[in-house]
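Q: I would like to learn how to read the features of a structural model, one at a time. Could we work through an example together?

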Amino acid sequence: MMTATTVKTEYEAIIGLETHCQLSTNTKIFSTSSTAFGADPNTNIDPVCMGLPGVLPVLNQKVLEYAVKAGLALNCQIAKYSKFDRKQYFYPDLPKNYQISQYDLPIAEHGWLEIELVDAEGNPIRKRIGITRLHMEEDAGKLVHAGSDRLSGSTYSLVDYNRAGVPLVEIVSEPDLRSGQEAAEYAEELRRIVRYLGVSDGNMQEGSLRCDVNISVRPVGQKEFGTKVEIKNMNSFSAIQRAIEYEIERQIAAVEAGDRIIQETRLWEEAAQRTSSMRVKEGSSDYRYFPEPDLAPIEVSNEQLEQWRSELPELPAQKRHHYESELGLSAYDARVLTEDRPVAEYFEGAIAAGANPKAAANWITQDIAAYLNKQKLSITEIALTPTNLADIITRIEKGKISNAQAKEKLPDLLTGISPEKAFAGQELISDPSVLEPIIDEAIAANPKELEKYRNGNTNLKGFFVGQVLKKTNKRADPKLTNELVEKKLNA
């Protein structure tokens, strides 16, 4: 008798990110107040950002430059003509009761960035994620709720307008992401890019980079998207990944149970490791956009555009390709070296000075990185120059010093001692005629160990090598010493 087999439905997630990135200008987008983080509440304010009667906004030219450069780095089409709009909504941290943003004519559209993941075998997996748009806007202020760690349960709220008018670009991705891991990597790559450009510090803890996730699920093979839910309140890349993974499971469980997913905004609760409903999602019609009457439209000339394009640095994805395909580095090493622009420039400086790329990568990602982490320093704060690192690597490769000697002297080298001074009088002994009498002496002084070796305990070869290194103050060439000791022990 035939029985029907229940086929379990497989689902896929459709994910897009809306990322607000604070631009690293000294003053606000439409006024001269400072953008410095950490000032006393309501001290970095002025009549313009507070929306007092009779004041007019003036666009900060640096904001336009940074926005265009970010758009170019994201392979976007830069609009020859764009404008600002008023986005109407009412909330205590918005002093004008509207936000100056861009709606239908943003500064940049139709771009992409490349994310790179590494599989279990260490191979790079690359994927392009589309960028729908990038637009400029001003930030709102900040509410501080007292009496509870969230709005619900608070006895009162305070408002700090220091952030009002701080310049932002909002970057909206296409729904091309399919997992929490991909989304977290997209956000990390976006931060790498803006940091390489110098247009933002990308500091999530200070709110310089804020990501909202839009996510829905659908059965595999279905073309139509499911109902989209937005998740807010994520302050780390790992939180982005965990929030998405939780929400995927929640939505699939709801669909399987026959429940209806509603379009809403949810918050990520870090302590509980879950999302919770915040409000029903607004549509663009709720904001009643109209062109900002106090700001002229923006036109970017071809000459200005090409000048800004010429000032772009080599970006992280380009460096990764170069390091992997031309320098022979692993995807992991390339990723670590390109995480921060100063580290990549340090590495490239060592290569330019003649260092072997793989050796330089090992020193920077292992020994030097360990020192930096322990001392809480950046690579720009150490005294060991890329040229001196190349010198050390060359000395090792030529057999003048050993790897062990270099590691032992590394703390001195990192604080400014030159390789010439650090290794003075310590060049390796590589002459067999000098080493052989020392080896003979070490063997003759340890007859019991020699007998044990010749009775099968071959691990004792390391003991004799150690005796030779001890007698030569670690100056015996390790490779040559190993060969000569083994030859004499087996004679």
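Q: How many disulfides does the count come to here?
A: A disulfide is a covalent bond between the sulfur atoms of two cysteines. In this model, which is predicted, the count comes to zero disulfides.

Q: Are Cys-21 and Cys-76 buried or exposed?
A: The cut-off for buried is a relative accessible area under 20%. Cys-21 counts as buried because its relative accessibility is 0%. Cys-76 is buried as well, with a relative accessible area of 9%.

Q: How do strands S4 and S5 run, parallel or antiparallel?
A: Strands of a sheet pair through backbone hydrogen bonds, and the pairing may be parallel or antiparallel. Strand S4 (residues 85-88) runs antiparallel to S5, and four bridges join the two. Across this pairing, Lys-87 stands opposite Gln-99 in S5.

Q: Which residues of strand S5 point one way and which the other way?
A: Side chains in a regular strand alternate between the two faces of the sheet. In strand S5 (residues 98-101), Tyr-98 and Ile-100 point one way, Gln-99 and Ser-101 point the other way, and all are buried.

Q: What is the order of the open sheet of nine strands?
A: The order is S2-S6-S7-S10-S1-S11-S12-S13-S14, with mixed pairing. Its edge strands, each pairing on one side only, are S2 (77-78) and S14 (274-280). Strand S13 (residues 264-269) runs antiparallel to S14 and is joined to it by six bridges. The bridge partner of Leu-267 in S14 is Ser-276.

Q: What volume does the largest cavity have, and which residues line the largest cavity?
A: Rolling a probe the size of a water molecule over the atoms shows where empty space is left. The structure holds one cavity of 30 Å³ or more, and the largest cavity has a volume of about 40 Å³. Its lining includes Cys-49, Leu-94, Tyr-98, Glu-138 and Asp-139. By class, the lining has six nonpolar, one polar and three charged residues.

Q: Where does UniProt place the domain "Asn/Gln amidotransferase"?
A: The unreviewed UniProt entry places this domain at residues 345-489. Over residues 345-489 the chain is 68% helix and 0% strand, with the end C-alpha atoms 48 Å apart.

Note on methods: Residues numbered from 1 in each chain as written. Predicted model: local features only at pLDDT ≥ 70, side-chain atom pairs only at ≥ 80, totals over all residues. Heavy atoms only, no water. 1 Å grid on protein atoms, 1.4 Å probe; cavity = no way out; pocket = protein on both sides within 12 Å on 5 of 7 lines; lining within 4 Å. Points joined across faces, edges and corners; volume = space filled by probe spheres on them. Nonpolar A, V, L, I, M, F, W, Y, C, P; charged D, E, K, R; others polar. UniProt positions renumbered as here; feature names shortened; annotations may be inferred. Buried < 20%, exposed > 50% of the residue type's maximum accessible area, 1.4 Å probe, protein only. Pairing = 2+ DSSP bridges. Disulfide = S-S within 2.5 Å.
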